Amino acid sequence: MSTKPPNVTPVSVEPLTRRNTSGKVYKRSSAVEVQISAALSLSDEELVSRASIREETANGYLQEESLVYLIRTSYQRKNNFLCNKLSEILLTRCQEQVAFRVRAIEQKDDAFNDVVRVLFEKILAPDNSGDFLQVRFRFALKRISISIFHQYYRDQIEERENLRPSSFQSLDGQENEKDDWDQVHVAIDSDLPVEDSFSSVELESLKREALQILKEPIRTAFILHHIKGWQIESNNPKEITVSGYLETTPRTIRNWLQQAEKELRKWRGDHHE
Amino acid sequence: MNNFIGQYSLDDVLDAYSEASEIPSREILAEWIARYPQFEHELIEFTVAWIQSEELPEIPGDQKDLNARLQGGLRIVQEIYEKRSAEDQTQNWQSRAKMASMIMEGSLLGWSTDQFAGRINLSVAILRKLENRLIDAVTIPIDLIKLIGVSIQRDPSEIIAYLGQPPMLQSGQMYKSKQPPIIGKQQGFFDAIRNDGELTDDQRTYWLSLESGTE
């Protein structure tokens, strides 16, 4: 463990080289540049102490973007003490945000570890693929966390699907077979659009409960339509719709949403008796 | 793949997209699909995952306490450090093995042979002799070896290893004879300095001042 950097001459901050989607080279904020420059002249202990400051407005606070640069630098200088300490501090700061993203995953510890893996592979990448982390860390972490969530959630749905008894699996087929029947009753459906079935207050209070009991893909259809306001279908082919995303007919989506309402009402009835 | 004009990797687009809004928005999604139609499917998938990650309720799982999770994360970090270190070592070894020409190394840094010779305070003729190992390696001053190493970003040991190999033909020369060409004999570094017609007086004086140090 070294107490002072061997080279005390001012070290310039290495510029970023990756270009953003506007074609411009990523640029750290001036605050981050100042923080890094100042940090590079500190001893290891001073730097760890400064990195441990949690209050963003406190003097000497180091943003996550600065920590990423300093972890890269300490790794390149083979300063294991500093590298490990700064990594621990950065991970501690990330923990809450990542835990939030993976909370709906059964294997949430595995998902958490995968986020950490991708994050630090980017931080230590020999090329410039991690530059965005030094510009907008929070957004970069959000992006990584959502991508990992997506992988795990997709696998989780598949696993559950495989575990379902065949009698349950055939229900999907029955839903699709209903399409023909639904076409006959299209007039009835249009008289009672699904989106008008709940009041906004009722919807809000039921939202969480509904999401607990609904199965995929009904659950996602419910979220996209009732919570995020996506249309079930549209005459505009460019419009992003629930049926387009779930690659099924609007009839089937309506069936699913009606099934969701039915399950929800039953569930509510059971819990209010 | 990154940074061709007008062409970006999915990574770059998703990074920028995640920064465009605090919350997932259908309107912003439509804008981004119009801008990057080649990533339409990925943008929609990402947006739905973003929505799901915010809206789905927490489920009980194998959740550890915070400290245990942090320690698990740190073990992952340690694995990545070790993996990266091993990759760096392999890369260093490969780059050492790949050094076939000092002049080529200089050209990779953007220098002509003249510029490279100027940087190490020698004439082009002597640089070429060094390149072709026509100078006896044991007579070459360590200062010059260090200077070459710094100039082409190589460890001095790599320069010594290069200069210590047998002499070779000058690259690019053509020989018509069926007989193998005779490679010139090696000469001492300071003899080469004395007999070179391209060096300035200052350069010659400087290098000859090091002669006693090598004896």
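Q: How many residues does helix H4 of chain A have, and what does it reach from first C-alpha to last?
A: In this predicted model, H4(A) covers residues 80-101, which is 22 residues. The helix reaches 30 Å from its first C-alpha to its last, close to the 32 Å expected at 1.5 Å a residue.

Q: Where does H4(A) bend?
A: The bend is at Gln95(A) and amounts to about 40 degrees.

Q: And which residues of that helix are buried?
A: Among them are Leu82(A), Leu86(A), Ile89(A), Leu90(A), Leu91(A) and Val98(A). The buried set also includes Lys85(A), Ser87(A) and Arg101(A).

Q: Turning to the largest nonpolar core, which residues touch the most other members?
A: That core has 72 residues, and those with the most contacts to other members are Leu67(A), Ile71(A), Leu86(A), Val115(A), Val116(A), Phe149(A) and Ala221(A). Apart from it lies another core, of 22 residues, including Leu122(B), Leu144(B) and Phe189(B).

Q: What does Val116(A) touch?
A: Leaving aside residues up to four places away in sequence, Val116(A) touches Leu91(A) as well as Gly73(B), Ile76(B) and Val77(B).

Q: How many residues does each chain put into the contact?
A: Chain A contributes 48 residues and chain B contributes 43.

Q: Which helices of chain B supply its side?
A: Helices H1 (10-20), H2 (26-35), H3 (40-55) and H4 (66-98) of chain B each supply at least two residues to the side that touches chain A. H4(B) gives the most, with eleven residues.

Q: How do the residues on that side divide into nonpolar, polar and charged?
A: On the side of chain B that touches chain A, 23 are nonpolar, nine are polar and eleven are charged.

How values were computed: Residues numbered from 1 in each chain as written. Chains lettered and ligands numbered in written order. Predicted model: local features only at pLDDT ≥ 70, side-chain atom pairs only at ≥ 80, totals over all residues. Helix = DSSP H or I, 4+ residues; strand = E, 2+ residues; numbered from the N terminus. Expected span 1.5 Å × (residues − 1). Bend = angle between axes of the 7 residues up to and from the residue. Buried ≥ 20, exposed ≤ 12 C-beta atoms within 10 Å, placed from the backbone. Core = buried A, V, L, I, M, F, W, Y, C linked by C-beta atoms within 7 Å. Contact = placed C-beta atoms within 7 Å. Nonpolar A, V, L, I, M, F, W, Y, C, P; charged D, E, K, R; others polar.
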